[in-house]
Each structure stands twice: as C-alpha cells, then as structure tokens.
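Below are some notes on the model, with the cut-offs behind each term. Please read them alongside the structure.

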Amino acid sequence: MFKLIKLMIFVFVAIWLFGTFAKAQQLETKIGLLNVTRMASGFKNPWALAFLPDNSFLVTERRGRLFYVTANGEKTRVSGIPDVVADGQGGLLDVVAARDFADSREIFLTYAKRQGRGSGTAVAVARLDAGAKKLTNLTEIFEMTPGSEGGRHFGSRIVEAQDGTLFITIGERGDRPSAQDTQRHNGSIVRINRDGSVPADNPFVGRSDGLPEIWSYGHRNPQGIAMAFNGQIWAAEHGARGGDEINRIVKGANYGWPVIAYGRHYSGGQIGEGTEKPGMQQPAHYWDPSIAPSGYMIYTGDMFQEWKGQHFVGSLKFDYISRLYWKKIKEVEALKSAETKRVRDIRQAPDGSIWFISDDRGSVFRISR
C-alpha cells in the first residue's frame, strides 16, 4: 500500500510538472507552424499582464492579487495593491508598466472600487519596489462617477500614449442610457495625465455639456484598447447578442450605444433605432455572432514581419485570437489551439513574440517562431 501511495504521488507530481513546464506546442497559421509555450501557470482568473525591462512580467488576478513573475517563471505575490471589489466582472483588472519604468518604476492599475452600495472603475499609480515584492506610493489618479450597482461592464483597459497621457476604457456598468450622458463617465474612454490631471486639449474642457476627462463616449463595454504606429487609438468592445465592435477612437466622438448597434438584446429585441444615425460613429469592424473580445494588440515587432501593423484581439467566447488586416479592418485569420481557451489579454513582448493569457487555463503563453 505504501509503495502504491508513493507511486501515485510520483505520478501526480510528474503530471503537474509536465503541465507546468510542458514543451512548446504548435499553432497552425497562414505563415506556418508557430510555437506556443506556457510561461507561467497556476493563476485564478488572470486578467492582464505587463512586461518589465528585464524580461520579467506582472500578472493580475481579478480576485485582487498581483504577481511578479521572473523570466524563468518564478512567481512572487506583490503586496500593497489598492482595495478592490471582486464582484462579477469587477476586481483587480488591467496593469501597465509606465514607458519610463526603468527610471520611475511606476505601474498603473485599474480596478473596481467600492462606491456606496455600488462600485466603479478606478485607476491608481504606484512604484514597484526594487525587490518586486511591494507597491509603494500608491496614489489613486482617477475614479469614475458613482451611481452604478451590479458586477457588469467595467471596461478597464488602459494604454499610455506617446505624449504620456493615459487612455482608460470605462464600461456603462449595465446602465445603457448612461453611455449617452456625458455628465457621467459610464460608457466612455477617458484621457488623463499621469498625475490624474486633465489635459487641456480634451474635447469637453471648458464646456458645460460634458465631463473634462471624457475623450469619446457611447461605448458599451470596451475591454480592449491599443495604439497604432501613428498614435491612433483603437478599442474593441462587447456588443449584446451580436455586434461586438472595433472602433477607431476619434476625439469627442459618439459611438452610439445604446441608440445604434449591430446586435440585438439578449431577449431578441431590437436595440435602439437601428444600425446608424447622423452624428454617431460607425465601427471599423463588427462581429456577428459575438466573439466576446478582450485584450487588444497592434503588432509592431520584428519576429513576425508578415504581421506588422496587424491587429490582434482575444476571444473569450470562441477561444481564439482574431487576426485582423489593418488597411481595412477585417478578420483574416482565427489563431486557435488547445491553449487559446478564453483569451483574456494579448501583448507584444520586447523580443517581438506574442503573449496571451488564457483565463480558463490560468496560464500565460508565448507565441514564437
């Protein structure tokens, strides 16, 4: 019996090690077979990853944990994160390392924050200490207008633009009409400076008809944001039943939700007034049926020269990575393998490889040649 127990333990450990450090799997693509390698595992509902200059990286878990992971996959839980409300789709969400991280050691976090009986998207900046074990000087630099309950549609992706300003996506929190109310942050993309102040050239600055942080509005639940070579901001957002969108983000523009949409309510009923209306932007691309997009990257690296400038969006619903051609945004390939289960985030690594988070598998994977 003792030998049997030892054998069972050995088999269990062997399986665990194999699952954690398995050799690269292959991904069939239009440019040939690529390698998919698991770089870290054991996460529960991982939401975002951010690369650091020494090839280490950070991973958030929605339940409210932040991990520092070395280049060889060793994980350390980082303390000092803000208080988060882990409810439904809310919790600790995006993480981005500042462009000047090598000097400032600053990172940005988005998260669901308690607001009375409800919660809303907030942003904080903090310094990662030299040992990568603790956040210090944590400062909240943005909090959306309160008033929403429930655990839906926090948006919560963030990108630092070339001028140092921050673009943050805010979902309408399930309160559809609020996306058209520019006196609230619901359903908007906001733009702030790194210290939380408002850039003077934001579209509603000095006006009474909108909050100064708002850059664009009429969004439903944008869970992806990316910046192109030329500084153009793009966002991917969830529709209802059908009508997930990619939008080219224009200063001061209205993207229509819930007045226009290419999907239908989950009940099957029509949304708003149809698919178009004067003064409201059309999507650059939409999916029907919905793919549940989360995570957005525009490729700028050298490892995959054939993909330079192309857009990549993770699918939570159909378990793949959507590759979209950039001159006219359209899906041209579904990158799908056993590893692409509920792709929550996708990022370009410093070496030009493509990394993604699989929510279902609790792992971070790397696509390479």
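1. pLDDT is the predictor's confidence in each residue, on a scale from 0 to 100, and a contact means heavy atoms within 4.5 Å. This is a predicted model, in which local features need pLDDT of at least 70 and side-chain atom pairs count only at pLDDT 80 or more, while totals for chains, interfaces and linings use all residues. Residues are numbered from 1 along each chain as its sequence is written, and side-chain values use heavy atoms, without hydrogens and water.

2. Average pLDDT for the chain is 94, and 94% of the residues score at least 70. Over residues 1-21 pLDDT stays under 50, and the model has 5 contacts beyond four places in sequence for them.

3. The structure holds 12 aromatic pairs (Phe, Tyr or Trp rings, the six-membered one for Trp, with centres within 6.5 Å; planes under 30 degrees apart are stacked, over 60 edge-to-face, the rest tilted). One of them joins F356 and F365, which are stacked at 5.4 Å centre to centre with 25° between the planes.

4. Y299, F304, W307 and F312 are linked into a cluster by ring pairs.

5. Two charges sit over rings (NZ of Lys or CZ of Arg within 6 Å of the ring centre and within 35 degrees of the ring normal). The charged end of K75 is 5.3 Å from the ring centre of F67. R173 lies over the face of F154, 4.0 Å from the ring centre.
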